[in-house]
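Visitor: Please show me the model. I would like to ask about its pockets.

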Amino acid sequence: MGKIVVAEFVSLDDVIENPAWTAPFWTDRIAAYKSTELEEADALLLGRATYEMFAASWPGHPEEGAYKDKMNAMPKYVATTTATELAWNAHRIEGDLAASIAKLRAERNLLVFGSGSLVNFLREAELVDEYRLVRYPVLLGAGLRLFNPVRAEATLALAESEVLDNGVLLGTYRVTQHSVTRPSFG
């Protein structure tokens, strides 16, 4: 059985939107953490907006090497009700979203980048197995937040953590208990 890993860049006040603010903190250690994350995944699971942004940038991305190669080659599964024509090795998730994603999860390790609405849906559908958060020492005050609103309770266990010299926290949290609420997407 696979798992679903949600990987996010997060400010101290939980903002995940438009992570351009992460650039001044980038280090080789963060790059290695992100490379391991991608290497362990069989496929990406993305919301429409994140898919469109990635599909527009990654095929022609100036970075060279294994990360770019894997990012471009791996299958992508996109949760969308509007996009019908997908490129970049992507497949639209058809049918009941929760059931379709659960079936994919049974077969593969899925990695979610960005995709705030999708992450909320996955959390409420009790499909998230792990959160890998790169938490930055910045307060942004506004923007899409990772855990807002939280309608589904869950218990998380800290599996790994590392504080970098620049104040960035690398944290891996495994979901140990889900709630009993039911999700809605959109």
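**Pockets, by question**

Guide: Start with the second largest pocket: its lining has 2 nonpolar, 3 polar and 8 charged residues. Ala, Val, Leu, Ile, Met, Phe, Trp, Tyr, Cys and Pro count as nonpolar, Asp, Glu, Lys and Arg as charged, and the others, Gly among them, as polar. The model is predicted: local features need pLDDT of at least 70, side-chain atom pairs pLDDT 80 or more, while totals for chains, interfaces and linings use all residues. Numbering runs from 1 along each chain as its sequence is written, and side-chain values use heavy atoms, without hydrogens or water.

Visitor: How much space lies in the second largest pocket?

Guide: A pocket is an open set of points on a 1 Å grid over the protein atoms alone, where a 1.4 Å probe fits, with protein on both sides within 12 Å along at least five of seven lines; lining residues have an atom within 4 Å of a point. Points join across faces, edges and corners, and volume is the space filled by probe spheres set on them. Here that gives about 180 Å³.

Visitor: Which element supplies the largest share of its lining?

Guide: Elements are DSSP runs numbered from the N terminus: helices (H or I, at least four residues) and strands (E, at least two). Strands E6 (130–136), E7 (154–163) and E8 (169–178) each supply at least two residues. The largest share, 4 residues, comes from H1.

Visitor: Which element gives the largest share of the lining of the largest pocket?

Guide: That pocket holds about 1100 Å³. Of its 39 lining residues, Thr50, Met53, Phe54, Phe113 and Gly114 are closest to the centre. The largest share, 6 residues, comes from H2.
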